[in-house]
Amino acid sequence: MPISSQILPENVFPAEVMLTSEKDKESLLKCAMLVERMYTHIANAAEDFTVLSSFFVAQYVSELQRVTLQPEIKAHLTEGIYCILDHCVEQDITFLNTTLQMGVKEVFNELYNSYTHYDKSQRQGEEKYTV
């Protein structure tokens with residue numbers, strides 16, 4: 001069972017989330033923050049998880065293709081998956097582009113383009129000025 005499904009059951013993500021109570025929204029936001037933290041932790045323990053990075057990304061984009069997320073929840077989950085993408089090598093990206101189904105592949109390409117355009121260049125800029 002995928003980690004994201006264990007932490008965020010299917011009924012957390014449907015489009016009806018937009019209509020939930022403020023208390024539910026707070027719970028969902030806390031959950032998204034915990035998932036972001038988990039992805040960051042996984043990324044920091046890269047040696048142990050590198051071979052699984054593409055599978056984390058595949059699970060995320062598969063779920064993302066099926067549901068609509070509130071922007072603040074999506075922002076935390078996206079930041080977390082960016083940490084995982086930091087550890088994907090070219091073979092992982094090729095694997096994802098080859099194996100993902102058409103609709104999911106489009107979601108992945110959008111995510112990856114956003115990652116390479118904004119996040120990756122920002123992180124590389126930060127590394128330049130880090131002692």
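Q: Taking a salt bridge as a side-chain nitrogen of Lys or Arg within 4 Å of a carboxyl oxygen of Asp or Glu, how many are there by this rule?
A: The count is one salt bridge. The side chains of Arg 66 and Glu 63 make it, at 2.9 Å from N to O.

Q: What kind of model is this, and how are the residues numbered?
A: It's a predicted model, where local features need pLDDT of at least 70 and side-chain atom pairs count only at pLDDT 80 or more, while totals for chains, interfaces and linings use all residues. Numbering starts from 1 along each chain as its sequence is written, and side-chain values use heavy atoms, with hydrogens and water left out.

Q: Is Glu 63 buried or exposed? And what about Arg 66?
A: Glu 63 counts as buried because its relative accessibility is 15%. Arg 66, at 48%, counts as partly exposed. The cut-offs are under 20% relative accessible area for buried, over 50% for exposed and partly exposed in between, using a 1.4 Å probe and protein chains only.

Q: How many α4 residues are buried?
A: Ten of the 14, so α4 is mostly covered. Among them are Phe 56, Val 57, Tyr 60, Val 61 and Leu 64. Ala 58 is another buried one, with a relative accessible area of 16%. Ala 58 and Leu 96 sit 38 residues apart in sequence and 6.9 Å apart in space, C-alpha to C-alpha.

Q: Which residues form the nonpolar patch on the surface?
A: Val 51, Leu 52, Phe 55 and Phe 95, with about 380 Å² of accessible area together. Areas come from the Shrake-Rupley method with a 1.4 Å probe, and for residues only the protein chains shown count as cover. Patch members need over 30% relative accessible area and no salt bridge; like charges are joined within 9 Å and nonpolar side chains (Val, Leu, Ile, Met, Phe, Trp, Tyr) within 5 Å.

Q: Where does Leu 52 lie?
A: In the loop between α3 (46-49) and α4. Leu 52 counts as partly exposed, at 36% relative accessibility.

Q: New topic. How many aromatic pairs does the structure hold?
A: Five. Rings of Phe, Tyr and Trp (its six-membered ring) pair if their centres lie within 6.5 Å; planes under 30 degrees apart are stacked, over 60 edge-to-face, and the rest tilted.

Q: What's the geometry for Tyr 82 and Tyr 115?
A: That pair is tilted, at 5.5 Å centre to centre with 50 degrees between the planes. The pair links distant parts of the chain: Tyr 82 is in helix α5 (residues 71-85) and Tyr 115 in helix α7 (residues 102-128), 33 residues apart. Both are buried.

Q: Why does the Phe 108 and Tyr 112 pair count as stacked?
A: Because the ring centres of Phe 108 and Tyr 112 are 5.7 Å apart and the planes are at 20 degrees. Phe 108 and Tyr 112 both lie in α7, four residues apart, about one turn of the helix, and both are buried. Tyr 82, Phe 108, Tyr 112 and Tyr 115 form one aromatic cluster.

Q: How many disulfides?
A: Zero, taking a disulfide as a pair of cysteine sulfur atoms within 2.5 Å. Cys 31 counts as buried at 17% relative accessibility, and Cys 88 counts as buried at 13%.

Q: Overall, how many helices and strands?
A: Seven helices and zero strands. Of the 131 residues, 37% count as buried.

Note on methods
Helices (H or I, at least four residues) and strands (E, at least two) are DSSP runs, numbered from the N terminus.
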